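Please read it alongside the structure shown below.

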Amino acid sequence: MTSHDHAPLSLESVRQRLTTHTFGAHLVIEDQVDSTNRVATILGQQGASHGTVVVAERQTHGRGRLGRSWVSPGRMNLYLSILIQDASIRNVGTWLPLMAALAVRRSVNEVTGLMTTLKWPNDVMSSRTGTVRKVAGVLAESTDRGMVIGIGLNVNMALADFPDDLRSTASSLLIELGHPVDRMVLLAKMLGAVEDLYETLTHQPQQVMTEYRDACDTLRKRVRIELAAQTPLEGYAETIANDGALCLKTADGQICEVRAGDVVHLR
Ligand code: BTN
């Protein structure tokens, strides 16, 4: 089997597997879009309901964090965006992307047994092959009425499918596990995990924060935070604040709360 031979995503097959009430109740699967985040934002403006999910087989302009692009070849991976626009979002907004990364981690583990870690804020990492590489990322974007949470998970992409410059830092479940994974089973499980974690986040946020802190590999490490056009910040990652910020102790003993940036683990 090459990485191109996987079954196409089918609305019926995903629906049969869904156990959720809200997330995916309105589910759209497209063959090709520019960005599922953009499509979900437009659907939200047109009145789509909280929990609407847009999935695409491929994206022509997949968006990544910090203005980057997200490589999105067809029929291999999962690219989805979830519309979050109920009242609870006011209290938990900053935690939504972190929660989404946790949902990816949970569902990957449930479906494949692979244990991933989280790199703050919302990168899902695997080291099964001996090198720590990123298998999934989350991009949260604000909308008029809430937020769109976009998730990109590299599922059945082979090493040869990645551009050269990503091969040392990015991976897929196929590469990590040595076998392909059913994307529809994974998608249904992921939406189940999102629904479960969202419910917990809005009622008992400390539970989700504890699960996140346990899964986050950035904590208790020396790290460098890189932000475009700013001097990098180095320090010891002490904890994650209750608003999701990374608390760094710098060389002069100050605690700095970081809310955006790229983390490099130093040791
Ligand atoms: C990152 O840079 O780590 C975040 C990547 C997020 C990619 C996903 S794919 C589905 C959704 N649509 C987009 O355009 N981006 C997100």
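How many salt bridges does the structure hold? The structure, which is a predicted model, holds 18 salt bridges.

**Salt bridges**

- Side chains of opposite charge can pair when their charged atoms come close.
- Glu57 and Arg183 form a salt bridge in which the closest N and O atoms are 2.9 Å apart.
- Because Glu57 belongs to strand 2 (residues 53-59) and Arg183 to helix 6 (residues 183-203), this pair ties together parts that are 126 residues apart in sequence.
- Glu57 counts as buried, since its relative accessibility is 3% and the cut-off for buried is under 20%.
- Arg183 is buried as well, with a relative accessible area of 3%.
- A salt bridge also links Glu211 to Arg106, with 2.9 Å between the closest N and O atoms.
- Glu211 sits in helix 7 (residues 205-215) and Arg106 in helix 4 (residues 96-112), so the pair ties together parts that are 105 residues apart in sequence.
- Both partners of this pair are partly exposed: Glu211 has a relative accessible area of 22%, and Arg106 has a relative accessibility of 24%.
- Asp164 and Arg167 meet through their side chains in a salt bridge of 3.2 Å, N to O.
- Is Asp164 buried or exposed? Asp164 counts as exposed, because its relative accessibility is 61% and the cut-off for exposed is over 50%.
- Arg167 is partly exposed at a relative accessible area of 31%.

**Nonpolar cores**

- In soluble globular proteins, nonpolar side chains tend to be buried together.
- The largest nonpolar core has 63 residues, and the members that touch the most other members are Leu80, Leu96, Leu153 and Leu246.
- Which helix gives the most to this core? Helix 6 does, with 11 residues.
- Leaving aside residues up to four places away in sequence, Leu246 touches a set of residues including Trp120, Leu219, Ile225, Ile240, Cys256, Val258 and Val263.
- Thr218, Thr239 and Glu257 are also among the residues that Leu246 touches.
- A second, separate core has 10 residues, among them Ala40, Ala48, Val54 and Val148.

**Helix 6 and helix 7**

- The axes of helix 6 and helix 7 are 5 Å apart, and the two helices pack at an angle of about 120 degrees.
- That angle makes helix 6 oblique to helix 7, because 65 to 115 degrees would count as roughly perpendicular and over 145 as roughly antiparallel.
- Helix 6 contributes Leu197, Thr200, Leu201 and His203 to the contact.
- From helix 7, the contact uses Pro205, Gln207, Val208 and Glu211; Glu211 also forms the salt bridge with Arg106.

- Strand 10 (residues 246-249) pairs with strand 11 in the antiparallel sense over four bridges.
- What is the bridge partner of Leu246 in strand 11? The partner is Val258, which is also among the residues that Leu246 touches.

Conventions
Residues numbered from 1 in each chain as written. Predicted model: local features only at pLDDT ≥ 70, side-chain atom pairs only at ≥ 80, totals over all residues. Heavy atoms only, no water. Pairing = 2+ DSSP bridges. Salt bridge = Lys/Arg side-chain N within 4 Å of Asp/Glu carboxyl O. Buried < 20%, exposed > 50% of the residue type's maximum accessible area, 1.4 Å probe, protein only. Core = buried A, V, L, I, M, F, W, Y, C linked by side-chain atoms within 4.5 Å. Contact = heavy atoms within 4.5 Å. Axes fitted to C-alpha atoms, helices over the stretch in contact; angles between N-to-C directions. Parallel < 35°, antiparallel > 145°, perpendicular 65-115°, else oblique.
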